[in-house]
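Please study the sequence and the model before reading each solution.

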Amino acid sequence: MLGLDGHKWGIASPFVSPEKRQERQSLVEEACDAVGATGYINRPVGQLSGGEQQRLLLAQAILGRPRLLLLDEPLASLDIRNQYAIAHLIGKVAQERQMTVLLVTHDINPLLSMTQQVLYIAQRKVALGTPAEIISTERLSRLYRAPVEVMRDSRGRILVSGLELAK
């Protein structure tokens, strides 16, 4: 329930009416259902996988029905399967709830299919535009002043990879 009270100092009052308590519980259940986390709402966090934890954190973030969702490295420490699952979930939840998502990531690959705008910041330079405008071998290599390769996989998806510097 921190998503309901996290914007206030202190802890929630234990003296909440049964109606208010039920309303709050319904909001929590709705948010957990939206991210597919109802099966482990009451499990200790230490027993959850990284993907399960990210789902609960996303539920917590959307609990207050924000219009703007700010995420810092939401795919960090997840295996590839969970990176794509959480990326897809973020896109789905944002679309269903009509939210704008602004996130920071070091690996754009799992997020590219749902990204409408990218902002790259490197070497005191900025590149802003659609993925098609910004994500190219030449543009990213110039921006980073290091070799970057942008490829397409067998399904036509764009993949960005840093290359080893010549010795």
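Axes are lines fitted to C-alpha atoms, for helices over the stretch in contact, and angles run from 0 to 180 degrees between N-to-C directions. Helices (H or I, at least four residues) and strands (E, at least two) are DSSP runs, numbered from the N terminus. The model is predicted: local features need pLDDT of at least 70, side-chain atom pairs count only at pLDDT 80 or more, and totals for chains, interfaces and linings use all residues. Residues are numbered from 1 along each chain as its sequence is written, and side-chain values use heavy atoms, with hydrogens and water left out.

**Exercise 1.** Describe how helix 3 is placed against helix 4.

*Solution.* 
Step 1. The axes of helix 3 (residues 50-62) and helix 4 (residues 80-96) come within 10 Å and cross at roughly 15°.
Step 2. Helix 3 is therefore roughly parallel to helix 4, a term for angles under 35 degrees.
Step 3. In contact (heavy atoms within 4.5 Å), helix 3 contributes Gly 51, Gln 54, Arg 55, Leu 58 and Ile 62, while helix 4 contributes Asn 82, Ala 85, Ile 86, Leu 89, Ile 90 and Val 93.
Step 4. By class, these residues are seven nonpolar, three polar and one charged. Ala, Val, Leu, Ile, Met, Phe, Trp, Tyr, Cys and Pro count as nonpolar, Asp, Glu, Lys and Arg as charged, and the others, Gly among them, as polar.

**Exercise 2.** State which element gives the largest share of the lining of the largest pocket.

*Solution.* 
Step 1. Helix 4 provides the largest share, six residues.

Terms used: Angles under 35 degrees count as roughly parallel, over 145 as roughly antiparallel, 65 to 115 as roughly perpendicular and the rest as oblique.
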